[in-house]
Amino acid sequence: QRWREAAKQNMGDVEVRREDQLRINEFGRLNAKIHEQREDRAVLKKLLEELEDASTELALNEDDGVKLMLGGESFIDVDEDYATDYVDAEQEKVQKELADLEATIEAIGTRQAELKKILYDRFGNDINLEEKR
């Protein structure tokens, strides 16, 4: 009995309506998605860094005539122009993917901020939507 009364006092008199639950669920889904997107962003940033390193190596390497590229599980002998063009094209592709991902992360963050405002206005301290660090 006591814990029920304590729970009622802690929760206040705010009833969770269907639209509230839908917003809470949407916030949870967005939270999971933003974590996935941030992990993908880290992978793309690492790949971009590796491509930039490869581009630098190609530019600094004297023309010794031997350029090897990893193609799957084997190395392929290619000329410097091909290797440079390939690395540049891959960099552009990854930069575009990264920009798209950043836009998605920003859009999710904006929607989460909207939902937080609505839910905190409705529930006050009875709801916690903050990340644990």
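Visitor: What is Gln91 in contact with, leaving aside its neighbours within four places in sequence?
Guide: Gln91 contacts Leu48, Leu51, Glu52 and Ser55 (contact: heavy atoms within 4.5 Å). Please bear in mind that this is a predicted model, in which local features need pLDDT of at least 70 and side-chain atom pairs pLDDT 80 or more, while totals for chains, interfaces and linings use all residues. Numbering starts from 1 along each chain as its sequence is written, and side-chain values use heavy atoms, without hydrogens or water.

Visitor: Where is Gln91 found?
Guide: Gln91 sits in helix α3. Helices (H or I, at least four residues) and strands (E, at least two) are DSSP runs, numbered from the N terminus.

Visitor: And is Gln91 buried or exposed?
Guide: Gln91 counts as buried, because its relative accessibility is 12%. The cut-offs are under 20% relative accessible area for buried and over 50% for exposed, with partly exposed in between (1.4 Å probe, protein chains only).

Visitor: Which residues does α3 span?
Guide: Helix α3 covers residues 80-123, and Gln112 also has its place there.

Visitor: Then what does Gln112 contact, beyond its neighbours within four places in sequence?
Guide: The contacts of Gln112 are Phe27, Leu30, Asn31 and Ile34. Gln112 is buried, since its relative accessibility is 9%.

Visitor: Let us turn to the partner helix. How do the axes of α2 and α3 cross?
Guide: Helix α2 comprises residues 18-60, and its axis comes within 8 Å of that of α3, with a crossing at roughly 160°. Axes are lines fitted to C-alpha atoms, for helices over the stretch in contact, and angles run from 0 to 180 degrees between N-to-C directions. The two helices are therefore roughly antiparallel to each other, a label for angles over 145 degrees.

Visitor: Which residues does Arg41 touch, not counting those up to four places away in sequence?
Guide: Arg41 belongs to helix α2 and touches Leu98, Leu101, Glu102 and Ile105. Arg41 and Glu102 lie 61 residues apart in sequence, and their C-alpha atoms are 7.7 Å apart in space.

Visitor: And Leu47: how far is it from Gln95?
Guide: Leu47 is in helix α2 as well. The C-alpha distance from Leu47 to Gln95 is 9.9 Å, across 48 residues of sequence. Because its relative accessible area is 34%, Leu47 is partly exposed.

Visitor: Stepping back, how many helices and strands are there in the protein?
Guide: The protein has three helices and two strands. Read from the N terminus on, their order is α-α-β-β-α.

Visitor: How much of the protein counts as buried?
Guide: The buried share is 20% of the 133 residues.

Visitor: One more point: what share of the contacts with a separation of 6 or more comes from residues 24 or more positions apart?
Guide: Such residues account for 72% of those contacts in the protein.

Notes:
Parallel < 35°, antiparallel > 145°, perpendicular 65-115°, else oblique.
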